[in-house]
Amino acid sequence: MRSTEVVIIGSGFGGLAAAKQLAKSKVETVLISATPEHLFQPLLYQVATGVLPAQEIAPSIADVLADKKSIDVVEGYVTALDPERKVITYSTDDGSEQIAYEFLIVAAGASQGYFGHDEWAESTFSLKTRDDAIDLRAHLLDCFEAPLADETAHTFVVVGAGATGVEIAGQIQELGLRYFTDAPATVHLVEGAGDVLPVYGGKLSDFARKTLEKSGIDVMTETVVTDIDGDAVTVRAADGTERVLRARTVVWSAGVKATPLAQVVAEATGCETDRAGRLLINPDLTVGGRADVFAIGDMTSLDRLPGQSPVAMQQGRHAADMIRGATVRGTRFRYLDKGSMAVINRHNAVVDAPFGIKLTGFLGWLTWLGVHLFYLVGFRNRVGAVLSWFRSFAGSARPGFAQVDRSAGRGADAGGPDGTGDRRPLAESAA
């Protein structure tokens, strides 16, 4: 059986940050990932709406960590944890494997939550994986190319007005206004809280709502989904009034729950979980009574921290620093809030920065561009993203749609490096 000093499970922002930090001290590390790519999840909505080709937000993990000689990347799914023996069991294409560790960092992320209605997953689209975005992209193309008389095909419901919901709703509306100009979209944005982007509040939420409504989006706050049956989405307002929205597309971004691995870790270590299945970790990011097992990111709950990439990255570095001796073991994790941001539509974004700085509109959008370019992994990805953003936002092209392989079925990806993505007449597209 193979052994190593540290095993990291997960290749998201937290896992990658931990791996890079451990590499500073050349700590022998094995990173186990379910996919060969590192997914820049905040930009999935841009893949789904054709702004970016899929490969621009999914660089190879092996390439990203190529210069970190102390890190080995393994593709597989973790199925079991034995904390007493300090052994991980994982499944690969070649069968089941085991690896022994001295320290373990679990950073497996979260999946979509449906508030007790898991059956709605079959009728809705989520945006958690690369395949999710590719499926939605192909579906949106089908809907916009459907006959104009098919109103349900040209009607879209987005559930949840957090950052993902606002961003995907804004971009679907943009498709109707600037790309499929002969097939405009009717977009409904449904939110249970009192306003869009509720974690921002005040000026930023007000600006976001007004901008969305000005673009033509029907914003319904203090409204919840009560049923989804085929093309019929039933919603109920705070006053009890019910309304049925007929739409072929429902994008669900209203909740999250921990991945199944969280339960495996909880049962193995005695760690408690919250209602969403997230691990209730200790202040130093350890799990249960184990000083050698850390859990970070969206699969955990600590101090009501938001499920955002900056939190996961800082947690990953903190756990790694304790392992490599740069920070005293048992040190409480303290999150440094560097702000948050969300795009509303072309040239409009909101930014909640430190020191009370709040940006809206074009200045907020420029700030969003700069920050996301900085965090995109790899030189090639930055260059590709800039070119695609220029063509999509300065012009009206959608490079990502050129990747849709219509002959291979729903959601297929042609996998080409790029494409013109220019708008084609509906008749020609359907031919």
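Tutor: Lys86 has a relative accessible area of 23%, so this residue counts as partly exposed. The model is a predicted one. Side chains of opposite charge can pair when their charged atoms come close. Lys86 has two such partners to consider. With Glu102 there is a salt bridge in which the closest N and O atoms are 3.8 Å apart. This pair joins distant parts of the chain, since Lys86 sits in the loop between β5 (77–82) and β6 (87–92) and Glu102 in the loop between β7 (95–100) and β8, with 16 residues separating them. Glu102 is at 43% relative accessibility and therefore counts as partly exposed.

The other partner is Asp292, whose side chain meets that of Lys86 in a salt bridge of 3.4 Å, N to O. Here the two ends are 206 residues apart, with Lys86 in the β5–β6 loop and Asp292 in strand β20. Asp292 has 8% relative accessibility, so Asp292 counts as buried. Both contacts belong to a network of salt bridges that links Glu84, Lys86, Glu102, Arg290 and Asp292. In the whole structure, 16 salt bridges are found.

Strand β8 covers residues 103–106, and β20 covers residues 290–295. The two pair in the parallel sense over three bridges, and Ile105 has Phe294 of β20 as its bridge partner. Strand β8 also has β2 (residues 6–9) as a parallel neighbour, joined to it by four bridges. In that pairing, Val7 has Leu104 as its bridge partner in β8.

In a regular strand the side chains alternate between the two faces of the sheet. Strand β8 can be read in that way: Phe103 and Ile105 point to one side, Leu104 and Val106 to the other, and all are buried.

Lys257 pairs with Asp118, and their closest N and O atoms are 3.6 Å apart. Lys257 lies in strand β17 (residues 256–258) and Asp118 in the loop between β9 (110–112) and α4, so the pair links parts of the chain 139 residues apart. Both ends count as partly exposed, because Lys257 has a relative accessible area of 31% and Asp118 one of 46%.

Helix α7 (residues 260–269) has Leu261, Ala262, Val265, Ala266 and Thr269 as its buried residues. These cover an arc of only 140 degrees around the axis, which means that they lie on the same side of α7. On the face of α7 turned away from the buried side are the exposed residues Pro260 and Glu267. Just after the helix, Gly270 has a positive phi of about 80 degrees.

The largest nonpolar core has 65 residues, and the members touching the most others are Leu43, Ile168, Ile172, Leu189, Trp368 and Trp389. Helix α4 (residues 130–144) contributes the most to this core, with eight residues. Apart from this core lies another of 53 residues, among them Leu81, Leu285, Ala320 and Tyr335.

Tyr179, at 5% relative accessibility, counts as buried, and so does Phe180, at 0%. Tyr179 and Phe180 belong to a cluster in which ring pairs also link Phe144, Phe156 and Phe401.

Notes:
Residues are numbered from 1 along each chain as its sequence is written. This is a predicted model: local features need pLDDT of at least 70, side-chain atom pairs count only at pLDDT 80 or more; totals for chains, interfaces and linings use all residues. Side-chain values use heavy atoms; hydrogens and water are left out. Buried means under 20% relative accessible area, exposed over 50%, partly exposed in between (1.4 Å probe, protein chains only). Two strands pair if DSSP finds at least two bridges between them. A nonpolar core is a set of buried Ala, Val, Leu, Ile, Met, Phe, Trp, Tyr and Cys residues joined through side-chain atoms within 4.5 Å. The arc is that of the directions from the helix axis to the C-beta atoms. Rings of Phe, Tyr and Trp (its six-membered ring) pair if their centres lie within 6.5 Å; planes under 30 degrees apart count as stacked, over 60 as edge-to-face and the rest as tilted. A salt bridge is a side-chain nitrogen of Lys or Arg within 4 Å of a carboxyl oxygen of Asp or Glu.
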